[in-house]
Amino acid sequence: MSASDDYIATRDKRAAEAGKDRQRAEKLWRRLQAEDPASWKSRVLDEAVSFSWAFCERICDESAGLVESDLDRAEELAALAVALAPAVPGEDNRVSAMQEYAWLHLGNVRRARGDLAGAEEALRRGKEFFLGAMAGIWPSHIKRGRLEGLEALLLRDQGKLGEAMKKIDFGLGLSDRSDTRPVLLLEKGRLQRRFGQPEEAAKELARAAEIASEGSDARLVLRIAVELGAALCDADRHGEVKIPAAVRKEALGLAVERARLRCLDGRVAAGLGRLKEAQAVLNQDPAELPARTVADFALLSLEIAAIHARDGRTDDLKRLAESMPRLVEGAALNREALVILKLASRLAVQDKLPAERAAQCAKDFARLSAGR
C-alpha cells in the first residue's frame with residue numbers, strides 16, 4: 001500500500017469513527033431532553049471529561065438552531081459548550097477545534113442579540129485556537145463550513161454583504177455534509193434576497209429544501225420553506241408557494257416560525273388578489289408579535305398598502321398607514337428599512353403616496369429586511 005493509500009484509508013477510518021461518535025452524542029442528547037435541564041447541565045460541568053467532543057459539537061449545533069427562536073436558551077447552551085470544550089477527551093488538535101467551535105457559536109448568539117462588538121471578541125477568542133485545531137497529520141472533523149457560515153452572519157450584520165457572500169461560498173466548498181450545506185444555502189438565499197436577487201435566492205433555497213428533506217432538523221426544513229416562499233413572493237411568483245402539511249404542523253410549536261408562516265400566507269393571499277384574507281393576518285396586536293417577526297408583518301402591511309394605492313382605495317390606505325408606526329416600536333429593524341416604513345406611512349396619511357412609489361417601498365423593504 002502506498003503512502004497516499006495509507007493516508008486515505010486512515011482518513012476514512014477516522015471519519016467513520018467520528019460518525020459513530022456523533023451518533024452516540026445524538027442519542028445522549030435525546031436522552032437528556034427527558035431530564036431536568038438544570039440537573040444534566042450541572043452534571044456536564046461536574047463530569048466534563050466523560051463527555052465527548054461530539055456532544056460538545058451537538059450542543060453548539062443546538063444553540064445555532066435556537067438562535068432564531070429562543071436566544072436565552074441558545075446562549076445558555078453556547079456558554080455550556082465554551083466551558084465544556086477544554087475538558088473533552090481526545091488529541092490536542094481536537095480539543096482546540098472544539099474550543100474554536102464553541103467560541104464562534106457563543107459569538108453567534110451575541111450577534112443575534114445585536115452585540116456585534118461582543119460577537120467580534122468571541123470570534124477573536126475562537127481564532128486563537130485555529131492553529132492548534134489544524135495541527136497534526138490527519139484532518140480535523142470540525143465542521144469548518146458551519147464556522148464560515150457563522151462568520152458570514154456577522155459580516156452580514158455589519159453591512160459587509162459582499163464579504164459575507166464570499167464566506168458562504170467558501171463554506172460550501174468546504175462542506176459535503178448534508179447537515180451543513182442546507183444551513184449555508186439558507187443563508188446564501190437570504191443574502192441574495194438582500195442583494196435584490198429573488199430569482200437566484202429561490203434557486204439556492206430550492207436546493208437547500210431538496211437536501212434538507214433528507215432527514216435534517218425539522219426546524220431547519222421549516223425555515224427554508226418559509227424563506228423559499230418569501231423569495232418567490234419577492235419575485236412575484238406567489239402561486240408557486242407551497243408549504244407541505246408536515247412543515248405547517250412543525251410550525252405550531254414554534255412562535256417565531258408560526259408568525260412568519262402566517263405572514264407568508266398573507267403575502268401569498270395579497271399577491272393572488274385575496275385581499276380580505278391578507279388583511280386578516282394583520283389583525284393582531286403588535287405588542288404580541290415575536291420581535292423577530294415584526295419585519296414580516298411590516299412588509300405585509302407595505303404590500304397591502306401598495307395594492308390600496310394601485311386600486312385608488314385612499315381611505316383604506318390611510319387607515320393602514322396610521323397603524324404602521326405601532327409595528328416598529330422597539331423593533332430591531334435596520335435604519336434603512338425603518339426609514340422606508342416611516343416614509344411610506346407618512347406619505348400615505350398625507351395622500352401623497354402614488355402607486356409606483358408604494359410598490360417600490362415594499363420591494364425595497366423586502367430587500368433590506370431579508371434575513372432579519
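This is a predicted model: local features need pLDDT of at least 70, side-chain atom pairs count only at pLDDT 80 or more; totals for chains, interfaces and linings use all residues.

User: At what angle do α4 and α5 pack?

Analyst: Helix α4 (residues 71-84) and helix α5 (residues 92-112) pack at about 155 degrees, with axes 8 Å apart. Helices are DSSP runs of H or I, at least four residues, numbered from the N terminus. Axes are lines fitted to C-alpha atoms over the stretch in contact, and angles run from 0 to 180 degrees between N-to-C directions. α4 is therefore roughly antiparallel to α5 (an angle over 145 degrees).

User: Which residues of α4 meet α5?

Analyst: L71, A74, E75, A78, A79, A81 and V82 do. Their partners in α5 include W103 and H105; contact means heavy atoms within 4.5 Å. The residues of this contact divide into 11 nonpolar, one polar and one charged (Ala, Val, Leu, Ile, Met, Phe, Trp, Tyr, Cys and Pro are nonpolar, Asp, Glu, Lys and Arg charged, and the others, Gly among them, polar).

User: Now α10 and α11: at what angle do their axes cross?

Analyst: The axes of α10 (residues 181-194) and α11 (residues 198-212) cross at roughly 165 degrees and come within 8 Å. These helices are therefore roughly antiparallel to each other.

User: How does their contact divide into nonpolar, polar and charged residues?

Analyst: It has eight nonpolar, two polar and six charged residues. Among them, R181 and K188 belong to α10, and E200 and R207 to α11.

Technical notes:
Residues are numbered from 1 along each chain as its sequence is written. Side-chain values use heavy atoms; hydrogens and water are left out. Helices (H or I, at least four residues) and strands (E, at least two) are DSSP runs, numbered from the N terminus. Angles under 35 degrees count as roughly parallel, over 145 as roughly antiparallel, 65 to 115 as roughly perpendicular and the rest as oblique.
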